[in-house]
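Hi,

Here is the structure I promised to pass on. Have a look at it first, and my notes on what turned up follow below.

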Amino acid sequence: MRIEEDLKLGFKDVLFRPKRSTLNSRAQVDLNREFHFLHGKGTWHGIPIMAANMDTVGTFAMARALAPFGLMTALHKHYSLSQWQDFLASSPPELLANIMVSTGTSAQDFDKTSQILTLSPALRFICVDVANGYAEHFVRFVQRVREHFPEHVICAGNVVTGEMVEELLLSGADLIKVGIGPGSVCTTRVKTGVGYPQLSAIIECADAAHGLKGHIVGDGGCTCPGDVAKAFGGGADFVMLGGMLAAHAECGGQLLERDGRQYMQFYGMSSATAMDKHAGGVAEYRASEGKTVELPYRGPVSQTVQDILGGVRSTCTYVGAAHLKELSKRTTFIRVQEQENRLFTS
């Protein structure tokens, strides 16, 4: 047993220190980025924020809503082949350039993902998604996906430490998903005692990835636009959002009505709700590691997206970053005891 004594930080532990800026308006900030990948062919251009591959968030409808903003959607893995065929038949190539095909690591997952990818050459992104990215089986699966799809861009995770980022990149991944336990409907930290404060995880993993010309996706922990900006400031290349995009018209959660108000169900993909729906229940050898909550229904997602993008643009003006790519270079974090004055809360 050993104890690491150095401080680890979450988003709530820091604020940006403002710096002199030549920017006159938020409108001058360009949030678009262009990426070349370590292994996958071609480039991607857009705003590097993506919807999480949860079945209540990473939906076909969400992909259609986010693509006009230049945002990406990691589609959940539970769509059938026929549903994929219908979606592809009605989707332009520019929409397909902004989606990821998600997969688990079973033989059935591999076969299904292979069938989906053969449906359209415009499907370029694969998201290999497991809760524990430290398993040897996971690494071997990433290697297998790279061997079979040498030109595709592979996103793999989740991990929170630099050495595992390096191993996955060297095994064929291009993007590494970073985050264990920070999600709003994740209970991994209380069920297992395992986790890593998200901002420190991003800083460590970004340093490891960029040294090998790879990229990372900050996955989880964002509760407001300021947290999204902090993830980028810490070095994340992409930021993945679940709870911040939940309970919108484009989501897949069950819509409920109570006392004249509408609510939408949102749950973690390791929750009992998700396992009852997709796996016939919680297996006897494991525990549920996710919550099920009911959130006030929020209508179309477009206003929320504009709020997030506006917040990140404003961050950039405070530190003098004309382009999102510059934000991490312009970032100085200061440690704080509080984030906001909560005298009046809604």
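**Salt bridges, a strand trio and a buried Asp**

K8 is partly exposed because its relative accessibility is 23%; buried here means under 20% relative accessible area, exposed over 50%, and partly exposed in between, using a 1.4 Å probe and protein chains only. Before going further, the ground rules: this is a predicted model, where local features need pLDDT of at least 70 and side-chain atom pairs count only at pLDDT 80 or more, while totals for chains, interfaces and linings use all residues. Residues are numbered from 1 along each chain as its sequence is written, and side-chain values use heavy atoms, with hydrogens and water left out.

Back to K8: its side chain meets that of E4 in a salt bridge, 3.7 Å from N to O. By salt bridge I mean a side-chain nitrogen of Lys or Arg within 4 Å of a carboxyl oxygen of Asp or Glu. E4 has a relative accessible area of 48%, so E4 is partly exposed. The structure holds eleven salt bridges.

Another one joins D13 and K12 through their side chains, at 3.2 Å from N to O. D13 counts as buried because its relative accessibility is 18%, whereas K12, with a relative accessible area of 60%, is exposed.

Then there is E294 with R258, whose closest N and O atoms are 2.6 Å apart. This pair links distant parts of the chain, since E294 sits in strand 14 (residues 292–296) and R258 in strand 12 (residues 255–258), 36 residues apart. Helices (H or I, at least four residues) and strands (E, at least two) are DSSP runs, numbered from the N terminus. E294 is partly exposed at 38% relative accessibility, and R258 is partly exposed at 37%. Elsewhere, salt bridges that share partners join R2, E4, D6 and K8 into one network.

Now the strands. In strand 5 (residues 72–75), M72 and A74 point one way, T73 and L75 point the other way, and all are buried. In a regular strand, side chains alternate between the two faces of the sheet. Strand 4 (residues 49–51) pairs with strand 5 in the parallel sense over two bridges; pairing requires DSSP to find at least two bridges between the strands. The chain gets from strand 4 to strand 5 through helix 1 (residues 60–66), and this β-α-β crossover is right-handed, meaning that with the strands pointing away from the viewer, the path from the first strand over the helix to the second runs clockwise. A51 stands opposite T73 of strand 5. Strand 5 is also joined to strand 6 (residues 99–103) by three bridges, and the two run parallel. There, V101 is the bridge partner of L75.

Just after helix 8, K213 has a positive phi of about 65°.

Last, which backbone nitrogen does the side chain of D174 reach? That of G40, at 2.9 Å. D174 lies in the loop between helix 6 (162–170) and strand 9 (175–178), and its relative accessible area is 0%, so D174 is buried. Beyond its neighbours within four places in sequence, D174 is in contact (heavy atoms within 4.5 Å) with residues including F37, R146, H152 and H215.

Cheers

Notes. Polar contact = N/O pair within 3.5 Å; in protein donor to acceptor, adjacent residues only side chain to side chain.
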